[in-house]
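I opened the model and went through strands, sheet and DNA contacts in turn. My notes follow.

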Protein chains: 2
Amino acid sequence: MNKTDEWLECLQSNGYRITAPRRVVIETMAQSQHVLNPFDVYEQARQRYPRLGLVTVYRTLEKLEELHLIQRVHQPGGCQAFIGAFSGHQHLLICVKCGRVEFFEGDENGIAELIDTISKKSGYKVKEHWLQLFGLCNQCQAEIA
Amino acid sequence: MNKTDEWLECLQSNGYRITAPRRVVIETMAQSQHVLNPFDVYEQARQRYPRLGLVTVYRTLEKLEELHLIQRVHQPGGCQAFIGAFSGHQHLLICVKCGRVEFFEGDENGIAELIDTISKKSGYKVKEHWLQLFGLCNQCQAEIA
DNA sequence: TTTTATGCAAAGTATTTGCACGGGA
DNA sequence: TCCCGTGCAAATACTTTGCATAAAA
């Protein structure tokens, strides 16, 4: 089963209805390798379903985030961008030029150790962590050269 | 020399003028241990300088960020918040309840190694990285208990 | 048939810009 | 004095809400 169908099923099993607008938003997000903001999604999805409203995009992204199917991506220039989430904790590698995103399994041991050390030192109860790398993807490096 | 004066001097040596509004914004930011958004800064700084305009806060924060005296903090709930920057690369530990921030020197070797591995694997040219931990500070843990 | 979801329009926030005046150097 | 910086007001951008209609189950 592909990602789109999985997401649709997840929506449905959480009591949400499957509709044409939701389908195109989900297809857009599920297939994208790039960070997309709500307007990006709107523009892309409208190519297949022109009646789509921007409000519906906002509302659908909200639900997908709530179901952990997508995650917010924070970038130096702003944070209202999203990318599909993977199950399990994943770290991000983001191309600052084109928005392409790769996921990588962090060196979880090393990071867990680090977090442990920091917790002890600071007294904080650490609940979440983010590791994001920014750089240029292969393609963008080639274009610049 | 304290942080406020250092920042003022930095502004000046970069061709910017020192004014009363800038002074209070800088004092507010330089002294805060908490993540502050532009409106927070406005409210706090206005206690000492009531004529201050919100627009000036935006413009001053912009300059401080440009001079790397403050840095943007990205949180699950939004990103338009700032905290004083330290020299050298620092990682953040943020209290999700009160906004208090601690800096820590990452295990730079471990992270550098990780970044190196990821670069080789992905082909990306990594230029920047963020590591942010979220949790509860000592005080907020006590309040909840 | 019943209830949820949609899209429009409007409202609400957040941020930026234009401009005449005021204050730093 | 000269020019940069300020604050107000307005413009713009972004996001959310109200509501009548349309569509899913």
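I call a residue buried under 20% relative accessible area, exposed over 50% and partly exposed in between, with a 1.4 Å probe and protein chains only. Helices (H or I, at least four residues) and strands (E, at least two) are DSSP runs, numbered from the N terminus. This is a predicted model, in which local features need pLDDT of at least 70 and side-chain atom pairs count only at pLDDT 80 or more, while totals for chains, interfaces and linings use all residues. Residues are numbered from 1 along each chain as its sequence is written, chains are lettered from A and ligands numbered from 1 in the order in which they are written, and side-chain values use heavy atoms, without hydrogens and water.

Entry 1, strand 3 of chain B. I looked up its burial: five of the five residues in 91–95 are buried. B:His91, B:Leu93 and B:Cys95 lie on one side, B:Leu92 and B:Ile94 on the other, and both faces are covered. In a regular strand the side chains alternate between the two faces of the sheet.

Entry 2, pairing. I count two strands as paired if DSSP finds at least two bridges between them. Strand 3 of chain B runs antiparallel to strand 4 of chain B over four bridges, with B:Ile94 bridged to B:Val101. The two form a hairpin with five residues between them, and B:Gly99 in the turn has a positive phi of about 85 degrees. With strand 5 (125–136) of chain B, strand 3 pairs in the parallel sense, again over four bridges; there B:Cys95 stands opposite B:Gly135.

I took a residue as near if one of its heavy atoms lies within 4 Å. This gave 19 residues, with A:Tyr58, B:Thr19, B:Arg22, B:Thr56 and B:Arg59 the closest. For polar contacts I used pairs of N or O atoms within 3.5 Å; within protein, one must be able to donate a hydrogen and the other to accept it, and residues adjacent in sequence count only if both atoms are side-chain atoms. A polar side-chain atom of A:Tyr58 is 2.2 Å from a phosphate oxygen, and one of B:Arg59 is 2.8 Å from a base nitrogen.
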